[in-house]
Amino acid sequence: MTPEPNVWPALRYDDAPAAVRFLVDVLGFTETLVVPEGDLIAHAELRWPEGGAVMLGSVRPPDGVHDAVKPGTGAVYVVSDHVDEIHAKAKAAGAEITAELTDTDYGSHTFSLRDPEGNAWTFGTYRGAP
């Protein structure tokens, strides 16, 4: 059984609805909760099928703790056993690949990309030190 996420990277987007579509349709996240606010997204939660999740929302007037988070400034590392498939799907969708598939000296099979608003995403098999 996959444990519930306990660490939630939080990202802001100028076009959060488009970001949800990219993260779900291209990268493979699962839409768990989307709270619309007119044409904006007040709050969204996307689960990673292999464990973990991210939260995101639309840029709005200052709203507390996340008002300093600017679109395109986030970076997220995602562990997956399906790195090659994610890479192929991202490339086919025209995503900006910033680091091609490689095998690192610490044992990860990995690549990196930028989402349509510039946030950096790395997908790799490295699950952290035991």
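**Exercise 1.** Which side chains meet in a salt bridge with an N to O distance of 3.1 Å, one of them being that of E100?

*Solution.* The model is a predicted one, in which local features need pLDDT of at least 70 and side-chain atom pairs count only at pLDDT 80 or more, whereas totals for chains, interfaces and linings use all residues. Residues are numbered from 1 along each chain as its sequence is written, and side-chain values use heavy atoms, with hydrogens and water left out.

Step 1: apply the criterion, namely a side-chain nitrogen of Lys or Arg within 4 Å of a carboxyl oxygen of Asp or Glu. The partner of E100 is K91, at 3.1 Å from N to O.

Step 2: classify the exposure of both residues, where buried means under 20% relative accessible area, exposed over 50%, and partly exposed in between (1.4 Å probe, protein chains only). E100 has a relative accessible area of 40% and is partly exposed; K91, at 44%, is also partly exposed.

**Exercise 2.** Describe the salt bridge between R21 and D25 and its setting.

*Solution.* Step 1: the side chains of R21 and D25 meet at 3.1 Å, N to O.

Step 1: locate the pair, taking helices (H or I, at least four residues) and strands (E, at least two) as DSSP runs numbered from the N terminus. R21 and D25 are four residues apart in helix α1 (residues 16-26), and therefore about one helical turn separates them.

Step 2: both residues are partly exposed, R21 with 36% relative accessibility and D25 with 40%.

Step 3: A network of salt bridges links R21, D25 and E31. The structure holds four salt bridges in total.

**Exercise 3.** Which parts of the chain does the salt bridge of D81 and R127 tie together?

*Solution.* Step 1: the side chains of D81 and R127 meet in a salt bridge of 2.8 Å, N to O.

Step 1: D81 belongs to the loop between β5 (75-79) and α2 (83-92), and R127 to the segment after β8 (120-124), so this pair ties together parts 46 residues apart in sequence.

Step 2: D81 is exposed at 53% relative accessible area, and R127 is exposed at 52%.

**Exercise 4.** Derive the organisation of the sheet that contains β1.

*Solution.* Step 1: strands of a sheet pair through backbone hydrogen bonds, either parallel or antiparallel. Two strands count as paired if DSSP finds at least two bridges between them.

Step 1: four strands form an open sheet of mixed pairing, ordered β1-β4-β3-β2. Its edge strands, each pairing on one side only, are β1 (10-13) and β2 (30-37).

Step 2: on average, neighbouring strands are turned by 15° against each other, direction ignored. Axes are lines fitted to C-alpha atoms, for helices over the stretch in contact, and angles run from 0 to 180 degrees between N-to-C directions.

Step 3: β1 pairs with β4 (residues 53-58) in the parallel sense over four bridges, and A10 stands opposite M55 in β4.

Step 4: α1 packs on this sheet and touches β1, β2, β3 (40-47) and β4, contact being heavy atoms within 4.5 Å. The direction of α1 makes about 15° with that of β3.

**Exercise 5.** Carry out the corresponding analysis for the sheet that contains β5.

*Solution.* Step 1: four strands form an open sheet in the order β5-β8-β7-β6, with mixed pairing. The edge strands are β5 and β6 (96-103), each pairing on one side only.

Step 1: the twist averages 15° from one strand to the next.

Step 2: β6 and β7 (residues 109-114) pair in the antiparallel sense over five bridges; E96 stands opposite R114 in β7.

Step 3: α2 packs on this sheet, touching β6, β7 and β8, and its direction makes about 155° with that of β6.
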